[in-house]
Amino acid sequence: MNFKNPVMIAALTMAALFANTGHATSPTPPQPTAEPGYEQQAASAAQLLHKAVNAYREEGNAAFARFSRQGEFVDGDQYVYVVDENGYMLASGGPSAALIGRDITPLLDPELKEAFNSALQAPESDTVSSAEYRWMNWNDGKVERKHVFYQKVDGKTFAVGYYLPRSSETAAKALLDDAAAAIEDDAEATIARINRLDPEFNRDDLYVFVVDMDSMSMVAHGYSRRLLNIHFPDLKNRDGLRVGQQILDAVEAGEDSVTYTWPNPVTERPEEKKTLIRKVGNYLVAVGYYQEPVTE
C-alpha cells in the first residue's frame with residue numbers, strides 16, 4: 001500500500017478515527033485531556049471543534065466553505081474536517097481537502113471499512129469523543145501521532161486534531177525499562193533488534209542506543225546506522241558539544257540523565273533532548289525524549 005499517497009493516507013486516517021473511540025467529554029465546550037506538554041494544543045483543538053459545531057448550527061451547510069479555506073477555522077496545523085454518514089468528505093481545511101465531495105469508503109482496507117461504516121451509522125450523541133492515530137503533518141511532511149476530538153451533529157461528524165511529535169518522559173522511561181531488561185536477558189539478540197529498527201525499541205520519536213563500556217563503542221542505535229561503531233566519547237552534536245563524553249561523565253557521577261540538543265527523528269529539527277541512562281552489565285543503555293524546539 002502506498003502510504004505516501006495523500007488521498008489514501010486521508011482515507012486511512014478517517015478510518016482510524018472512527019475505529020478507535022476514546023473518552024467522552026462535555027461538548028460545551030469539551031474539557032480536553034492531554035499528555036504533559038500538550039495541554040495548550042488540546043485546549044485549542046477542543047475550542048476549534050466547539051466553534052465549528054456552533055458555526056454549523058447557525059449557518060448549516062454554508063459553513064463548510066468556511067471550514068475548507070485558510071482562515072478562522074485553520075489554526076497552524078489544526079483544522080476542521082467533516083464526514084457524512086455515507087462516508088463522503090464534506091469539508092476540510094487540511095490535506096484531506098483532496099477528498100471533499102468523495103466517498104472515501106472505497107479507499108479503505110477491507111478490515112477498516114466495516115468499523116468505519118459502523119461508526120458512521122452510530123446514533124447521534126451530544127458528547128465529544130477522542131481518538132489517536134498517525135497522520136501526515138502538512139507543515140513538515142512527516143507522519144506523526146495525532147490526537148483528535150470529534151462530535152456527531154445532524155448525521156455529520158465534525159473533527160479537529162493536534163499533532164504530538166514529542167513523546168512523554170513516562171513513555172521514555174517505559175522504553176528504557178524494556179530495553180534494559182532485554183539487554184540483561186540477551187544482549188546480542190537485543191542489539192541486533194535495535195539495529196534492525198525493531199518497533200519494540202523504536203517508538204515514534206523514541207529510540208534506544210547502546211554503548212559497550214569496555215570498548216567505548218556505539219554498538220546499537222535505533223535511528224542512525226552511521227553512528228554504529230563510533231568511539232562514543234567523540235560523539236558530538238551539531239553545536240560541536242561532545243555529548244558522548246558528557247553522557248559518560250554523568251554515568252561516572254552516578255547521574256541518571258543528561259540534557260543536550262539533538263535532531264528529533266520526527267521533525268528533523270535540533271531540539272532539547274533529555275536522555276535517560278542506565279548501566280546494564282558492561283553496557284550503557286539510553287533512551288531520550290525531546291522537549292522544545294531549539295530557537296535560533
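A residue is called buried when its relative accessible area is under 20%, exposed when it is over 50%, and partly exposed in between (1.4 Å probe, protein chains only). Met216, at 23% relative accessibility, therefore counts as partly exposed.

Some ground rules come next. This is a predicted model, in which local features need pLDDT of at least 70, side-chain atom pairs count only at pLDDT 80 or more, and totals for chains, interfaces and linings use all residues. Residues are numbered from 1 along each chain as its sequence is written, and side-chain values use heavy atoms, with hydrogens and water left out.

Start with strand β7, residues 156-163. Helices (H or I, at least four residues) and strands (E, at least two) are DSSP runs, numbered from the N terminus. Strand β7 is mostly covered: eight of its eight residues are buried. In a regular strand the side chains alternate between the two faces of the sheet. Look for that in β7. Lys156, Phe158, Val160 and Tyr162 point one way. Thr157, Ala159, Gly161 and Tyr163 point the other way. Both sets are buried.

What joins β7 to strand β3? Five bridges do, and the two strands run antiparallel. Strand β3 covers residues 78-84. Two strands pair if DSSP finds at least two bridges between them. Find Val82, which stands opposite Phe158 of β7.

Now turn to charge. Side chains of opposite charge can pair when their charged atoms come close. A salt bridge is a side-chain nitrogen of Lys or Arg within 4 Å of a carboxyl oxygen of Asp or Glu. How many salt bridges does the whole structure hold? A search finds 11.

One of them joins Asp177 and Arg278, with N to O at 2.9 Å. This pair links distant parts of the chain. Asp177 sits in helix α5, Arg278 sits in strand β12 (residues 270-280), and 101 residues separate them. Asp177 is partly exposed at 39% relative accessibility. Arg278 is partly exposed too, at 33%.

Helix α5 also holds Asp178. The side chain of Asp178 meets Arg203 in a salt bridge, again with 2.9 Å from N to O. Arg203 belongs to strand β8 (residues 202-203), 25 residues away from Asp178. Arg203 has 27% relative accessibility, so it counts as partly exposed. Asp178, at 33%, is partly exposed as well.

Next comes Arg193, which forms a salt bridge with Glu200. The closest N and O atoms of this pair are 2.5 Å apart. Arg193 is partly exposed at 23%, and Glu200 is partly exposed at 34%. Elsewhere, salt bridges that share partners join Lys51, Glu59, Arg66 and Glu72 into one network.

Glu184, Asp185, Asp186 and Glu188 form a negative surface patch. Patches are made of residues with over 30% relative accessible area and no salt bridge, with like charges joined within 9 Å. Asp186 lies in the loop between α5 (169-185) and α6 (187-195). The relative accessible area of Asp186 is 37%, so it is partly exposed.

Finally, check the backbone. Most residues other than glycine have a negative phi. Met216 has a positive phi of about 55 degrees although it is not a glycine. Look for Met216 in the loop between β9 (206-212) and β10 (217-221). Asn229 also has a positive phi, near 70 degrees. That residue is in the loop between β10 and α7 (243-252). Asn229 counts as exposed because its relative accessibility is 63%.

Methods: Patches are made of residues with over 30% relative accessible area and no salt bridge: like charges are joined within 9 Å, nonpolar side chains (Val, Leu, Ile, Met, Phe, Trp, Tyr) within 5 Å. Accessible areas come from the Shrake-Rupley method with a 1.4 Å probe; for residues, only the protein chains shown count as cover. Lys and Arg count as positive and Asp and Glu as negative; His and the chain ends are not counted. The place of a charge is taken as NZ of Lys, CZ of Arg, CG of Asp or CD of Glu.
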